[in-house]
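Here is a report on one protein model. Take a look at the sequence and the fold, then read on.

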Amino acid sequence: MGVFGKRIAPLGSPRRAPLAARLPRSAVQGTYTWIAPFHDLLAHLVEPAARAALLELAAVTDGEYILEVGVGTGLTFRQLVDQNPSGRTIGVEYTPAMLKQAKRRLGTSRHAYNLTEGTAFDLTFGGGTFDLIVSSYMLDMYGNADTALILSEFYRVLKPGGRVALCHMAVPESRTESIWDLAYRAHPALLGGCRGVSLTAPIANAGFVVREALRVTYRTFPSEVIVAERQ
Ligand SMILES: C[S@@+](CC[C@H](N)C(=O)[O-])C[C@H]1O[C@@H](n2cnc3c(N)ncnc32)[C@H](O)[C@@H]1O
């Protein structure tokens, strides 16, 4: 495989610490309001291999009660809805401009779903509600404390034995992968405030047991894909 191809490997420990989170919570909605029309360009360019791995490892069984948090323009959500025609699939998104794109994408769906505005920090669902929570390329914009808060919300609303399926930018490990760090250092909003993170330990610290963990690199862009189970 050349440096621009696809590589999937077991997830190990990163060789260096992630960059500090630099997009304040208060800037998330503003940033994604201007990103909304262009979001899918970068997503289609560098995220499809990790998104496919995420959906494969999430292993949806039709009939489940599923929540996706940070649905963005609905790229993952559309596939979740298609895989769960007899179940319930709910999507939460913080930025109205992104939510509008997601609703447009889902407009042609033949299956039932619910898309709603909200935040990962304060999910409006009772404890022990969901079989599966999915979130892609959202936790990588937050620092350790915010990530712990969000993971505790995921834990709360999952049923015991329920699973969380997460995908986010991984810490770069080679010179070619490091171009993404350079872009983030230049201007975090260029990458929607996302930088490489390592979430196996925070997920375990939140009380989950990690079941599967892959590192997927596609066109130099590294991602972690992790599925963990709530105890
Ligand atoms: C990089 S986009 C990824 C979108 C989508 N998950 C995907 O994989 O294409 C990150 C999304 O997370 C949303 N987001 C950020 N913080 C959030 C929060 N606290 N609660 C819900 N959504 C959030 C942003 O508004 C944005 O739409």
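## Tyr65 and strand S2

Tyr65 lies in strand S2. Helices (H or I, at least four residues) and strands (E, at least two) are DSSP runs, numbered from the N terminus. Tyr65 counts as buried, at 18% relative accessibility. Buried means under 20% relative accessible area, exposed means over 50%, and partly exposed is in between (1.4 Å probe, protein chains only).

Which residues does Tyr65 touch, leaving aside its neighbours within four places in sequence? Tyr65 is in contact with Arg88, Ile90, Thr129, Phe130, Asp131 and Leu132. Contact means heavy atoms within 4.5 Å. The C-alpha atoms of Tyr65 and Val225 are separated by 21 Å, and these residues are 160 apart along the chain.

## Basis of the model

This is a predicted model: local features need pLDDT of at least 70, side-chain atom pairs count only at pLDDT 80 or more, and totals for chains, interfaces and linings use all residues. Residues are numbered from 1 along each chain as its sequence is written, and side-chain values use heavy atoms, with hydrogens and water left out.

## The sheet

Eight strands form an open sheet with mixed pairing. Their order is S1-S7-S8-S6-S5-S2-S3-S4. Strand S1 (6-10) and strand S4 (114-117) stand at the edges. Each has a single partner strand, so one side of each is left without a neighbour in the sheet. From one strand to the next, the twist averages 15 degrees.

Two strands pair if DSSP finds at least two bridges between them. Strands of a sheet pair through backbone hydrogen bonds, either parallel or antiparallel.

Is strand S5 (residues 130-136) enclosed or open? Seven of its seven residues are buried, so S5 is largely enclosed by the rest of the structure.

S5 pairs with strand S2 (residues 65-69) in the parallel sense, over three bridges. Here Leu67 stands opposite Ile133 in S5. S5 also runs parallel to strand S6 (residues 158-169), and six bridges join the two. Val134 stands opposite Ala165 in S6. Between S5 and S6 the chain passes through helix H6 (residues 144-157), and this β-α-β crossover is right-handed. A crossover is right-handed if, with the strands pointing away from the viewer, the path from the first strand over the helix to the second runs clockwise.

S1 pairs with strand S7 (residues 208-218) in the antiparallel sense, over five bridges. Pro10 stands opposite Leu214 in S7. Lys6 stands opposite Tyr218 in S7.

S7 is also antiparallel to strand S8 (residues 221-230), with ten bridges between them. Glu229 in S8 is the bridge partner of Val209. The hairpin of S7 and S8 has two residues between the strands, and Arg219 takes a positive phi near 50 degrees there.

Leaving aside neighbours within four places in sequence, Val210 is in contact with Thr200, Ile203, Ile226, Val227 and Ala228. The C-alpha atoms of Val210 and Tyr137 are separated by 18 Å, with the two residues 73 apart along the chain.

## Helices H3 and H4

Two packed helices are described by the angle between their axes and the distance between the axes. The axes of helix H3 (residues 48-58) and helix H4 (residues 75-83) come within 11 Å and cross at roughly 30 degrees. That makes H3 roughly parallel to H4. Angles under 35 degrees count as roughly parallel, over 145 as roughly antiparallel, 65 to 115 as roughly perpendicular and the rest as oblique. Axes are lines fitted to C-alpha atoms, for helices over the stretch in contact, and angles run from 0 to 180 degrees between N-to-C directions.

Which residues bring H3 and H4 together? Arg51, Leu54 and Leu55 in H3 meet Leu75, Thr76, Gln79, Leu80 and Gln83 in H4.

Helix H5 (residues 96-106) lies across strand S3 (88-93) and S4. H5 runs at about 170 degrees to S4.

His111 lies in the loop between H5 and S4. Its relative accessible area is 19%, and His111 is buried. Leaving aside neighbours within four places in sequence, His111 is in contact with Val81, Asp82 and Pro85.
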